[in-house]
Amino acid sequence: MKTSLRTFIKHTAKDFRNQSVNPPVVRASTIIFKSLQEIEKTEKRYLKDPKSGNFNYGRQGTTTTYALQKILQEMEECYKVYLTPTGFGAVFLAVLSIVKPGDEILVTDSVYSPTRLLVQDYLKKFNITSKFYDPKNLNDLKNQITNKTKLIFVENPGSNTFEFQDLRKIISLAKKNKIYTAIDNTWGTPYLIKPIKLGFDMSIVSATKYYSGHSDVMGGSLAINKKVFKLVESANRVTGLRLSPDDAYLILRGIRTLDVRMDKHHINALKIAKFLSKQKKVINVFYPYKKGSKNYQMWKKYYSGASGLMGLKIKSKNKNSVKSFVNSLKLFGYGYSWGGFESLALYQNKKQLGARQFTNLKKNEHIVRLHIGLEDSKDIINDLKQALKKIK
Ligand SMILES: *Cc1c(COP(=O)(O)O)cnc(C)c1O
């Protein structure tokens, strides 16, 4: 029976169901076979159907990792999903699968900062050049394409400033120039947008965030189409980046409620974005809430909903008072990462944003990142209300 995604993520992996609702955690290095012929058969089956769960060694996964892989392959509507021990591992695998010495990569300027470090600094060692394009200006991307451009790396929306780009236009530009495309889809997840279906070659999600949803495990996924399969498969074989069965189990447990949590994150974040947009000191709310704005239109065009992460631009001559606003929040934790059930806040210092070329943050402007959790939105608003008084 064909069911909706909501039903699917509750019911899949039941092939593995014996005595328990969820699949058991199968930990293994050696996989035991009944005969030598069985080993050969398994290897042949995998080569014929790389999406299948035919494993012959722990590094290829076990039935537990496969249960998660199977859900994600279905959600992403893609050729295959690779699981990595962190979200950043999936970024690494995607990029390193594609590039070789002499190539150029075009990356959105609003990219997650470790990704910037990878492409801008680390890849220099291999004579790979990275260039950053303005996510607000497709022409800038177009103008920077050369015959050496091998990969366009998009993150949508961008970290901290949350620009939404015209994804279909980027894909067609890339196809016209025979360039591979990758997108970091951690903010939206395939619950809200399906990048491979849209035409991207690769799509990355940090499973640490919304898939897990409980801030207690790390993981990543790289979904791909058939076009890049050989490249990714051969890189994957030599990187040794593997998600453990225990972590896969926790992520699988989180993903059962992905839809319910995401819907609620959206409801809460929208209320908070609207509240914050009315505050005098808040000059910009980076969240798709304002109908008619360009960001809203681009979001609406591609996404069926929104998650809980947003940015605020605050204007104040007194930087410490902005920090004091963040420090006075009582329901928000201060720390990295996001996507869990709980609210989080961070002051983003200029150093973190400093490597960027197109942010244009003025002298008295500050960026605060909020992750809106699943608490009662009235409580979150009351908390923000009392803390906002600190901004001078
Ligand atoms: C967190 C994050 C990552 C990396 O994920 P980890 O699981 O922390 O390694 C990659 N991209 C984006 C956009 C992220 O927010």
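Modeller: Keep in mind that this is a predicted model. By class, the shell around the ligand is made of four nonpolar, six polar and three charged residues.
Biologist: OK, and which residues are the closest to the ligand?
Modeller: G87, F88, D184, T208 and K209 are the closest, out of 13 residues that surround the ligand.
Biologist: What does T208 do there, in terms of distance to the ligand?
Modeller: A polar atom in the T208 side chain sits 2.5 Å from an oxygen atom of the ligand. F88 comes in through its backbone instead, with an N or O atom 2.9 Å from a ligand oxygen.
Biologist: And how far is the side chain of W338 from the ligand?
Modeller: An N or O atom of the W338 side chain is 3.4 Å from an oxygen atom of the ligand. As for cover, the ligand has 380 Å² of accessible area on its own, and the protein covers 91% of that.
Biologist: Switching topic: how is the chain divided into domains?
Modeller: Domain 1 takes in 5-27 + 62-255, and domain 2 is 258-388. Their C-alpha centres are 24 Å apart.
Biologist: How many residues are in contact between the two?
Modeller: 45 residues of domain 1 touch 40 residues of domain 2. Together the domains bury about 3,600 Å², with 55% of that on carbon and sulfur atoms.
Biologist: What about salt bridges across that interface, how many are there?
Modeller: The rule finds four between domain 1 and domain 2. R6 also pairs with D259 in a salt bridge, with 3.1 Å between the closest N and O atoms.
Biologist: And how many residue pairs are in polar contact between the domains?
Modeller: The count is 25 residue pairs, both partners at pLDDT 80 or more.

Methods
Residues are numbered from 1 along each chain as its sequence is written. This is a predicted model: local features need pLDDT of at least 70, side-chain atom pairs count only at pLDDT 80 or more; totals for chains, interfaces and linings use all residues. Side-chain values use heavy atoms; hydrogens and water are left out. A residue is near a molecule or strand if one of its heavy atoms lies within 4 Å of it. A polar contact is a pair of N or O atoms within 3.5 Å; within protein, one must be able to donate a hydrogen and the other to accept it, and residues adjacent in sequence count only if both atoms are side-chain atoms. Accessible areas come from the Shrake-Rupley method with a 1.4 Å probe; for residues, only the protein chains shown count as cover. Ala, Val, Leu, Ile, Met, Phe, Trp, Tyr, Cys and Pro count as nonpolar, Asp, Glu, Lys and Arg as charged, and the others, Gly among them, as polar. Domain bounds come from an automatic or database domain assignment. Contact means heavy atoms within 4.5 Å. Buried area is the accessible area (1.4 Å probe) that two parts lose on being put together, summed over both. A salt bridge is a side-chain nitrogen of Lys or Arg within 4 Å of a carboxyl oxygen of Asp or Glu.
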